[in-house]
Amino acid sequence: MENRIAVIGIVVENKNIVSKVNEILHENGDFIIGRMGIPYREKNINIISIVLNAPSDKINSLTGKLGMLEGVSAKALYSNK
């Protein structure tokens, strides 16, 4: 399967789950090109963007695992190339 470039946007509203989010991202570190995290203290949330180069099924799996965590929303956006 061919790799795709994608961005996963993650919003973490439950601070108790941050370590689990980081654990899942670490498990997929071979596919991650870059990561940016922004703590939005005024709203008590964290916003993370992940750029990946991975097969579509891996991106979908990662997005699904993250989105299943309580207090976490995750969506993937794919490049056309």
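Which residues in helix 1 are buried? The legends below take up this question in the second view. The structure is a predicted model, in which local features need pLDDT of at least 70 and side-chain atom pairs count only at pLDDT 80 or more, while totals for chains, interfaces and linings use all residues. Residues are numbered from 1 along each chain as its sequence is written, and side-chain values use heavy atoms, with hydrogens and water left out.

**View 1. Four strands form an open sheet in the order 2-3-1-4, with antiparallel pairing.** Strands, like helices, are DSSP runs numbered from the N terminus (strands: E, at least two residues; helices: H or I, at least four residues), and two strands pair if DSSP finds at least two bridges between them. The edge strands, strand 2 (32–40) and strand 4, each pair on one side only. Strand 1 and strand 4 are joined in the antiparallel sense over 7 bridges, and Val-11 stands opposite Ser-73 in strand 4. Helix 2 packs on the sheet, touching strand 1, strand 3 and strand 4, and its direction makes about 160° with that of strand 4; axes are lines fitted to C-alpha atoms, for helices over the stretch in contact, and angles run from 0 to 180 degrees between N-to-C directions.

**View 2. In helix 1, the buried residues are Val-21, Ile-24 and Leu-25.** They cover an arc of only 100° around the axis, which puts them on the same side of helix 1; the arc is that of the directions from the helix axis to the C-beta atoms. On the other side of helix 1, Ser-19, His-26 and Glu-27 are exposed. Buried means under 20% relative accessible area and exposed over 50%, with partly exposed in between (1.4 Å probe, protein chains only).

**View 3. The largest nonpolar core has 18 residues, and those with the most contacts inside it are Ile-8, Ile-10, Val-21 and Leu-66.** Such a core is a set of buried Ala, Val, Leu, Ile, Met, Phe, Trp, Tyr and Cys residues joined through side-chain atoms within 4.5 Å. Leaving aside neighbours within four places in sequence, the residues in contact with Ile-10 include Leu-25, Ile-48, Leu-66 and Val-72, where contact means heavy atoms within 4.5 Å.

**View 4. Asn-28 lies in the loop between helix 1 and strand 2.** Asn-28 is buried, with a relative accessible area of 6%. The backbone oxygen of Ile-24 lies 2.8 Å from a polar atom of the Asn-28 side chain. Beyond its neighbours within four places in sequence, Asn-28 is in contact with Lys-58 and Leu-62.

Note on methods: Polar contact = N/O pair within 3.5 Å; in protein donor to acceptor, adjacent residues only side chain to side chain.
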